[in-house]
Amino acid sequence: MAWTKPPQSHIDLFFECLPDDPRIERRKMFGFDAIFVHGNMCAGLFQDDIFARLPPDYRATLEAAHGPIPFEPMPGRSMGVYAIAPTDVMADEEQLAEFLRRAVDCTGAMAPKEKKARKAKAAKAKAR
């Protein structure tokens with residue numbers, strides 16, 4: 001199953017709506033743009049969707065208004081704590097900015113992720 005790249009308009013929208021927060025680190029996940037806070041994945045792009053880790057009360061509010069919004073990078077493989085931005089939210093920059101701000105706050109409240117020690121083999125290969 002080949003994944004498709006998000007349209008440039010979605011990429012631009014994602015970065016324009018991110019809060020100005022020094023905790024945000026930009027990286028790639030699944031080959032797509034994503035953001036991390038304290039080493040924990042927070043939000044990102046996946047094909048035509050923007051997904052984020054949301055606080056349970058906010059997610060429940062969105063699901064009450066828009067129906068289920070699970071993030072499933074592969075059918076039947078839901079990433080439980082993440083949700084996709086509903087179409088109405090994606091269409092409104094203020095709502096998307098709020099969606100992403102809440103994701104950053106939610107992820108920022110988590111304990112920082114500890115970096116795993118690099119395996120000797122991987123470090124040796126990188127030294128070449």
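Predicted model: local features only at pLDDT ≥ 70, side-chain atom pairs only at ≥ 80, totals over all residues.
Trainee: How many aromatic pairs does a search of the whole structure find?
Mentor: Rings of Phe, Tyr and Trp (its six-membered ring) pair if their centres lie within 6.5 Å; planes under 30 degrees apart count as stacked, over 60 as edge-to-face and the rest as tilted. Searching the whole structure that way, the count of aromatic pairs is eight.

Trainee: Are the rings of Phe51 and Phe71 stacked or edge-to-face?
Mentor: A pair of aromatic rings is described by the distance of the centres and the angle of the planes. For Phe51 and Phe71 the centres are 4.2 Å apart and the planes are at 5°, so the pair is stacked.

Trainee: How many residues apart in sequence are the parts that Phe51 and Phe71 tie together?
Mentor: Helices (H or I, at least four residues) and strands (E, at least two) are DSSP runs, numbered from the N terminus. Phe51 lies in strand β4 (residues 49-53), while Phe71 is in the loop between α2 (56-66) and β5 (82-84). So the pair ties together parts whose separation in sequence is 20 residues.

Trainee: Is Phe51 buried or exposed?
Mentor: Buried means under 20% relative accessible area, exposed over 50%, partly exposed in between (1.4 Å probe, protein chains only). Phe71 counts as buried at 1%. Phe51 has a relative accessible area of 1%, so it's buried.

Trainee: Which residues of α1 are buried, and which side of α1 are they on?
Mentor: The buried ones are His10, Ile11, Leu13, Phe14 and Cys17.

Trainee: What is His10 in contact with, leaving aside its neighbours within four places in sequence?
Mentor: His10 lies in helix α1 (residues 8-17), and it's buried, with a relative accessible area of 19%. Contact means heavy atoms within 4.5 Å. With those neighbours left aside, His10 touches Leu45, Asp48, Ile50 and Met90.

Trainee: How many residues of β3 are buried?
Mentor: β3 (40-46) is part of what covers the buried residues of α1. The strand is largely enclosed by the rest of the structure, because the number of its residues that are buried is seven of the seven.

Trainee: Over how many bridges do β3 and β4 pair?
Mentor: Two strands pair if DSSP finds at least two bridges between them. These two form a hairpin with two residues between them, and Gln47 in the turn has a positive phi of about 55°. Leu45 stands opposite Ile50 in β4. The pairing is antiparallel, and the number of bridges is four.

Trainee: What is the bridge partner of Arg27 in β2?
Mentor: Strand β1 (residues 24-29) and β2 pair in the antiparallel sense over six bridges. Within β2, Arg27 has as its bridge partner Ala34.

How values were computed: Residues numbered from 1 in each chain as written. Heavy atoms only, no water.
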